[in-house]
Each structure stands twice: as structure tokens, then as C-alpha cells.
Amino acid sequence: MSLVSSPTFFSRFTSPRFRRCCCCEDTLGMPRSTPVQAGLSLGRFPEKSAASVDPCPRPRRIILVRHGQSQGNVDESLYTRVPDPEIELTEKGWRQAEESGRRIRDMIEADNVDDWRVYFYVSPYKRTLQTLRGLGKAFGRDRIVGVREEPRLREQDFGNFQDREKMRIEKNIRLRYGRFFYRFPDGESAADVYDRITGFRETLRADIDIGRFQPPGRRSKDMNLIIVSHGLTLRVFLMRWYKWTVDQFESLYNMNNGGMIVMETGSGGRYSLLVHHSVEEMQKFGLTDKMLMDQNWQKTARPGELNYDCFTSGPSFFTHVD
């Protein structure tokens, strides 16, 4: 019997042993020290003054969307003569983007609330901007709070115009070297993408804390953030958010074009992949049994709590204590 199919698979994760240890990763939406408490004048940080007295609720969801099918997905030779940021969607890619928007809208409307809104973060590449426009057709203007074009969400850099034969060789070498650490000549490794995504996560956290997309008087827990980006970039984002190891990252599969992964708040207020998705869906995405255990714990844990038995917290690194 599979570990995750056992009736007792999730039962031990309600133990008090899992409760209460503050962690900076998990304090989104919790009160922070104000600039005054830090000895600074609020006048220097006017955008934070409202947030310090009126903490903003966490958005209900962070929805990760991969761009629709691009011309480069169909014909890789295009990268030899067209800059990667200029690669456009195919007709199928446009349909995938529009369908993705309808699926997101239907999911949100199933909440049966009236004040829901969406806010977008998008890679500046043409195929992601086109995906944004496609999925945006599902939302009326009154539902769209705004958009931020975010260069740190761009595709992994493979090195300007690509030599097709050389790229084929490099991708084979990457399989032997390791997908996370292998750096393409004149390009990036997934580890490089991790570094810039870490910076983006800090920006996202600050935006949530100060309510940049939720003006005072119109704040709601039914805000939904939608991040439109690229397959590897979104997998790295999840790795950074949930503190997955390199081995766990390399077990993940790419999302389909136009596909989405939904991080949704559970009963305790933290984001879990198992609120919207099933265990089977996440297994197909590549989550291991231990990763699923942690996601189930996230469903009921509160911000600031730490899963002491999580595989990233230490014991799994020391085989002599098994």
C-alpha cells in the first residue's frame, strides 16, 4: 500500500508537536514592526502607513499559470533567428490562455462571494503578455485590480540566439550534470533563476503586507493573485516558497501549456497545494510522499507555525539517526 493511500497517512499531522514556531517565510499578513517602532518616520514610507494600522488579509489564492503553447514549443528552430522574449503564442496557445481564464473565473465564482478580485504579475516576454490578455478576457474591468509586469518572472535565459545543434548537446549534458545547477553558456541555471525568484518573493510578500493591490476600505480576503510565467520559473517559485530541496525540485514535471497550479489558503491561513488539488494531481506533478505530508499539514497550520518533522527541517539529512 502506498504511504499516501494509507488511512493513517495524514493523522499524525494534527499533533501539538507541529504547533508554534515563528518563521519569516510564513508571516504574510501578520503585523510587522512599524517604521516608527524602528525609529523611522512614517513620512519616509507613506505606502506603509495604512498597512501598519490596518493589516491586509492574505489573498485567498496565489494561482500560477504557464503561458499557452508558443511558436517555439512547436518549432525549436525559431530560437535561432527570433529573440526568446519575442516568441509569440500559436492559435492553440491563444485558445489555451482563454480557457485558462475561464477555468480560473469558474473556480473563483464557486466561492459564492461578491467582492472577489484578481491582480496579475506577468513575465515581460511576448508569449506571457499574450497569455495574460487571453485569460484576462474572462474578467470584467471591475474584477481586475491591476497588473505588474515583473522581469524577474522571465524565462530561464538560454543565451541569446540559440544554435539548434549546440542546444541539443547542452540539454543532454544538463541531464547528466543535473537540471538545477547546470548553467547554459551565456545563460542561466535553475539556481540562477532561484536567486532572482527569491527577490521576487520578497516583493510579493511586501505587496501582500502593505496591501498594494487592496486600497484601504476595500480590503478583502477574496483577492486572488495570478502569476503568469514560464514552466521552470514557476517550479522554482514553488521550490522557494515551500523550501523544497534540490532533489525535490528535480522530481517535478513541467506544467502543460496553459496549465495552472493553485496555492490556496487552508483553514489555518497558510497556502497549501492540497486545498484545490487532489493528492493524485500533485503526485503526477512530481510531489513525493514527504512533500504531500507537508502540504497536508499546511492545510490546517497557521502562519508562523513550523512543521518540525518536515523533510527540510533537518532529520532527513542525517542518516545515522534513522
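Which strands and helix do the buried residues of α3 pack against? The close-ups below, all taken from a predicted model, start with that helix and move on to its surroundings.

**View 1. Helix α3 and the elements it packs against.** The buried residues of α3 pack against the strands β1 (61-66), β2 (117-122), β4 (223-229) and β5 (260-265), along with helix α4 (126-136). Helix α3 itself covers residues 91-109.

View 2. Look here for the buried residues of the helix: Gly-93, Gln-96, Ala-97, Ser-100, Gly-101, Ile-104, Met-107 and Ile-108. Viewed down the axis of α3, these buried residues fall within an arc of 140°, so they line one face of the helix. An α-helix has 3.6 residues a turn, so residues three or four places apart point the same way. On the face of α3 turned away from the buried side you will find Glu-91 and Arg-95, which are exposed.

**View 3. Strand β4, covered on both faces.** One side of β4 carries Met-223, Leu-225, Ile-227 and Ser-229, the other Asn-224, Ile-226 and Val-228, and all of them are buried. Because 7 of the 7 residues of β4 are buried, the strand is largely enclosed by the rest of the structure.

**View 4. The strand partners of β4.** Strands β1 and β4 run parallel and are joined by 6 bridges. Along this pairing, Arg-66 stands opposite Ser-229 in β4. Strand β2 also pairs with β4 in the parallel sense, over 6 bridges. Here Val-118 has Asn-224 in β4 as its bridge partner.

**View 5. Arg-66 and its contacts.** Arg-66 lies in strand β1. Its relative accessibility is 11%, under the 20% cut-off, so Arg-66 counts as buried. Beyond its neighbours within four places in sequence, Arg-66 is in contact with Asn-73, Thr-131, Ser-229, His-230, Gly-231 and Leu-234, as well as Asn-254, Met-255, Asn-256, Asn-257, Gly-258 and Gly-259.

View 6. An unreviewed UniProt entry places the feature "binding site" at Arg-66, His-67, Gly-68, Gln-69, Ser-70, Gln-71, Gly-72, Asn-73, Arg-127 and Lys-166. From this set, the lining of the largest pocket takes in Arg-66, His-67, Gly-72, Asn-73 and Arg-127.

Methods: Residues numbered from 1 in each chain as written. Predicted model: local features only at pLDDT ≥ 70, side-chain atom pairs only at ≥ 80, totals over all residues. Heavy atoms only, no water. Helix = DSSP H or I, 4+ residues; strand = E, 2+ residues; numbered from the N terminus. Expected span 1.5 Å × (residues − 1). Buried < 20%, exposed > 50% of the residue type's maximum accessible area, 1.4 Å probe, protein only. Arc of directions from axis to C-beta. Contact = heavy atoms within 4.5 Å. Pairing = 2+ DSSP bridges. UniProt positions renumbered as here; feature names shortened; annotations may be inferred. 1 Å grid on protein atoms, 1.4 Å probe; cavity = no way out; pocket = protein on both sides within 12 Å on 5 of 7 lines; lining within 4 Å.
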